[in-house]
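The following paragraphs are intended for a reader meeting this structure for the first time. Please keep the sequence and the model in view while reading.

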Amino acid sequence: MGQPSSIVILTGAGISAESGIDTFRSAGGLWEQHRVEDVATPEGFARNPNLVLNFYDMRRAALANVAPNPAHEALARLEREFRGDLLLVTQNVDDLHERGGSARVLHMHGELKSALCTSCEMRSPWLGTMIERPACPVCRAPTLRPDVVWFGEMPYEMGRIYQALEACDLFVSIGTSGAVYPAAGFVQEARANGARTLELNLERSEGSRFFHETRLGAASVLVPEWVEEVLAG
C-alpha cells in the first residue's frame with residue numbers, strides 16, 4: 001500500500017465488542033434488550049426520560065467492568081510513533097481508546113462520560129448518574145441528558161472530519177457496520193479525494209465494495225498487525 005503521510009481512522013462497535021461491550025444494533029433491532037427507537041432518539045427521551053437516563057446510567061457504570069484490548073493499544077502506539085498526520089474518529093461512546101493510551105480521539109457520536117445540558121447547551125465531564133436530575137455544573141438547571149448523539153441529531157465536528165478526509169492519503173475503517181450515516185459515507189469521501197482505503201473487520205461491512213482492500217478477522221489481531229506494517233514503513 002506504500003507509506004502513508006496522512007491517515008484517518010474510523011472505529012466502530014466492532015473494536016469495543018472484543019472488550020465485552022455490546023454492538024450497537026443486534027439482528028433483532030435491539031440494543032442491549034431495548035428498542036433503539038426508545039433509547040437512542042430525541043423522541044424516545046421526550047416520551048420516557050427515566051428509561052433513557054437509567055439506560056445510559058447503567059452503560060456508564062458498566063465501563064468499569066471492561067478494559068481496552070490490543071486493538072485500542074495498537075492505535076495508541078500508532079498515535080505516538082507515526083510521523084505523519086493522524087486523526088482517530090470513533091463512533092463509540094465508551095472511553096476505551098483513551099484508556100488504551102490514545103490522547104487525540106474525536107468522538108463523533110458523543111461520550112458516555114459527558115453530560116449535555118438542554119438548557120444552556122454546555123457539555124460537562126460526568127461520571128455519576130443522571131436519573132436523580134442533578135443540576136448542570138454550569139447553569140444549575142436540572143436539565144442534563146447523556147452527551148450522546150441520537151438518531152436524527154448531527155454528529156460532532158463534521159467539518160473537521162471532512163477536512164481530514166479531503167487531505168488524507170489513507171482511510172482505515174475498523175469494526176464498523178457501514179450502515180450508519182454519515183460515517184458510512186466516509187470511505188467514498190476519502191476515495192473521491194484520492195486516498196487508499198482499507199477495511200479491517202470481523203465480516204464485510206455494507207460498504208465493503210468501496211474499499212480498495214478488506215482484511216477479515218478479529219480487531220485485536222488485525223489492528224496490531226496493520227500498525228506494525230505502517231510503522232515498519
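The buried residues of helix α7 pack against β1 (6-11), β4 (85-90), β5 (105-107), β9 (170-174) and α8 (186-192). Helices (H or I, at least four residues) and strands (E, at least two) are DSSP runs, numbered from the N terminus. Buried means under 20% relative accessible area, exposed over 50%, and partly exposed in between, with a 1.4 Å probe and protein chains only. The model is a predicted one, in which local features need pLDDT of at least 70 and side-chain atom pairs count only at pLDDT 80 or more, while totals for chains, interfaces and linings use all residues. Residues are numbered from 1 along each chain as its sequence is written, and side-chain values use heavy atoms, with hydrogens and water left out.

Helix α7 spans residues 158-167, and its buried members are Met158, Ile161, Ala164 and Leu165. These residues lie on the same side of α7 because they cover an arc of only 125° around the axis, the arc being that of the directions from the helix axis to the C-beta atoms. Gly159, Gln163, Glu166 and Ala167, on the other side of α7, are exposed.

On a 1 Å grid over the protein atoms alone, a pocket is an open set of points where a 1.4 Å probe fits, with protein on both sides within 12 Å along at least five of seven lines; lining residues have an atom within 4 Å of a point. Among the lining residues are Ser6, Asp85, Arg160 and Cys168.

The aromatic residues come next. The whole structure contains 5 aromatic pairs; rings of Phe, Tyr and Trp (its six-membered ring) pair if their centres lie within 6.5 Å, and planes under 30 degrees apart count as stacked, over 60 as edge-to-face and the rest as tilted. The pair of Phe45 and Trp150 is tilted, because the ring centres are 5.4 Å apart and the planes stand at 45°. Phe45 belongs to helix α3 (residues 42-47) and Trp150 to the loop between β8 (144-148) and α7, so the pair ties together parts that are 105 residues apart in sequence. Both Phe45 and Trp150 are buried. Phe55 and Tyr56 form an edge-to-face pair, at 5.0 Å centre to centre and 90° between the planes. Phe55 counts as buried at 5% relative accessibility, and Tyr56 does so at 0%. Phe45, Phe55, Tyr56 and Trp150 form one aromatic cluster.

Arg145 lies over the face of Trp150, at 3.7 Å from the ring centre. A charge sits over a ring if NZ of Lys or CZ of Arg is within 6 Å of the ring centre and within 35 degrees of the ring normal.

Two further buried residues complete the tour. His97, in helix α6 (residues 96-99), is buried with a relative accessible area of 1%. Leaving aside neighbours within four places in sequence, its contacts (heavy atoms within 4.5 Å) include Thr11, His72, Leu88 and Val105. Gly12 lies in the loop between β1 and α1 (13-17) and is buried, with a relative accessible area of 1%.
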